[in-house]
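This report describes a protein chain for a reader who has not seen it before. The sequence and the structure come first, and the description follows.

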Amino acid sequence: MVRSLASTVIFLLAAHASAQTCIAPSCFHADVVAVADGDTVTVLRQTAAGPRQVRVRLTEIDAPERGQPWGTRARQALADKVFRRTVLVAPSGEDRYGRLLARLQVDGRDVNRDMVREGHAWVYRRYATENWLPDEAVARDSGSGLWSLGVDASVPPWEWRRGAHQQRRKVATIDQSPSANSEAFSCGTKRYCREMASCAEARFHLVTCGVRTLDGDSDGWPCEKLCRRLR
C-alpha cells in the first residue's frame with residue numbers, strides 16, 4: 001500500500017515536471033502583455049538584441065470571434081490565465097499573418113487545451129494535430145462556457161468568419177423536425193451523406209463530430225443535396 005502510494009506520488013510529480021518542460025530549442029519564456037481575443041496574445045520576449053514583442057496565435061483551437069456569442073468571455077477567460085504572467089511558449093511555425101503559432105503553458109497547465117476543456121474554444125478541426133474532441137465533448141455535454149448558449153453555440157468560428165451565422169436562423173426556421181435537435185444525435189460510425197436522415201444530422205456530424213467526409217468541397221456545409229434548401 002505504501003509502495004503503491006509512493007509510486008503514485010512520484011508519477012504525478014514526474015508528470016507535472018514534464019508538463020512544464022519543452023525540450024525543443026525554439027521554446028522560450030515570455031511575459032504576456034496583451035490579449036487580443038480567445039486565441040491570440042502578444043508576448044514580450046527577451047532576446048540578445050533586447051526585448052521584442054511577438055504576436056502569438058494559440059494552436060489546435062479556435063475561439064469565438066469578438067462579435068460572436070461568447071467572444072468577449074473567451075477573451076476574458078484567456079486573459080485570466082495568462083495576462084501579465086510568464087508563460088512557456090512552444091512554437092510550431094507561423095501563419096499567413098506572420099503570427100507565431102504556439103502552445104502556451106502556465107504552471108504546468110496546457111493553456112490551449114484548457115480553453116477547450118472549459119468551453120471557451122472549439123477544437124480547430126482543420127489544423128488540429130491532436131485529438132481534443134473528447135475534451136470538447138465533455139464541455140459541450142456539461143454545458144460549460146459557450147456551450148451554455150444553446151443554438152448560439154452551433155456555429156463554430158471558422159464558419160462564422162465566412163458569414164455562416166447568417167444562415168443559423170434559416171436552419172432553425174426551415175428544419176423544425178424533432179431530429180433538428182442535436183440532443184437526438186450522437187457521434188458514432190456514420191461517415192457518409194447517404195447515412196444522414198436530415199441536414200440537421202449532417203451538420204451535427206460535421207460540426208460536432210468533425211466528420212470531414214460530409215463536406216467534400218470544404219465550404220463548411222455538409223451534404224450539398226441534402227442541405228441545398230437551407231442555403
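## Aromatic rings

Trp122, Tyr124, Tyr127, Trp147 and Trp158 are linked by ring pairs into a cluster. The structure is a predicted model, in which local features need pLDDT of at least 70, side-chain atom pairs count only at pLDDT 80 or more, and totals for chains, interfaces and linings use all residues. Residues are numbered from 1 along each chain as its sequence is written, and side-chain values use heavy atoms, with hydrogens and water left out.

Rings of Phe, Tyr and Trp (its six-membered ring) pair if their centres lie within 6.5 Å; planes under 30 degrees apart count as stacked, over 60 as edge-to-face and the rest as tilted. The structure has 5 aromatic pairs. One of them joins Trp122 and Trp147: the ring centres are 4.6 Å apart and the planes stand at 55°, so the pair is tilted. Trp122 belongs to strand E8, while Trp147 is in the loop between H4 and helix H5 (157-160), so that this pair links distant parts of the chain, 25 residues apart. Helices (H or I, at least four residues) and strands (E, at least two) are DSSP runs, numbered from the N terminus.

Trp122 is buried at 2%, and Trp147 is buried at 12%. Tyr124 and Trp158 form a stacked pair, with 5.6 Å from centre to centre and 15° between the planes. Tyr124 sits in the loop between E8 and H4 and Trp158 in helix H5, 34 residues apart. Tyr124 counts as buried at 15% relative accessibility, as does Trp158 at 11%.

Two arginines lie over ring faces. A charge sits over a ring if NZ of Lys or CZ of Arg is within 6 Å of the ring centre and within 35 degrees of the ring normal. Arg45 lies over the face of Phe28, at 3.8 Å from the ring centre, and Arg194 lies over the face of Tyr192, at 4.7 Å from the ring centre.

## Salt bridges

Side chains of opposite charge can pair when their charged atoms come close. A salt bridge is a side-chain nitrogen of Lys or Arg within 4 Å of a carboxyl oxygen of Asp or Glu. Under this rule there are 18 salt bridges.

| Residue | Partner | N to O distance |
|---|---|---|
| Arg103 | Asp110 | 2.5 Å |
| Arg103 | Glu130 | 2.9 Å |
| Arg113 | Asp135 | 3.0 Å |

How exposed are the residues of these bridges? Arg103 is partly exposed at 21% relative accessibility, whereas Asp110 is buried at 18%. Glu130 is partly exposed, with a relative accessible area of 34%.

The bridge of Arg113 and Asp135 joins helix H3 (residues 111-117) to helix H4 over 22 residues. Arg113 is partly exposed at 24%, and Asp135 is buried at 12%. Elsewhere, salt bridges that share partners join Asp39, Arg57, Asp62, Glu65 and Arg161 into one network.

## Helix H4

Asp135 is one of the buried residues of H4, along with Glu136, Ala137 and Ala139. The cover over these buried residues includes H3 and E8, where contact means heavy atoms within 4.5 Å. Just after H4, Gly143 has a positive phi of about 70°.

## Nonpolar cores

A nonpolar core is a set of buried Ala, Val, Leu, Ile, Met, Phe, Trp, Tyr and Cys residues joined through side-chain atoms within 4.5 Å. The largest one has 37 residues, and Val41, Val43 and Val82 touch the most other members. At least two residues come from each of strand E1 (28-37), strand E2 (40-47), strand E3 (50-58), helix H2 (71-82), strand E5 (86-94), E6, H3 and E8. H2 supplies the largest share, 5 residues.

Beyond its neighbours within four places in sequence, Val43 is in contact with residues including Phe28, Val33, Val54, Val56 and Val87. Another core, of 9 residues, lies apart from the largest one, and Met196, Ala202, Val211 and Cys223 are among its members.

Key: Buried means under 20% relative accessible area, exposed over 50%, partly exposed in between (1.4 Å probe, protein chains only).
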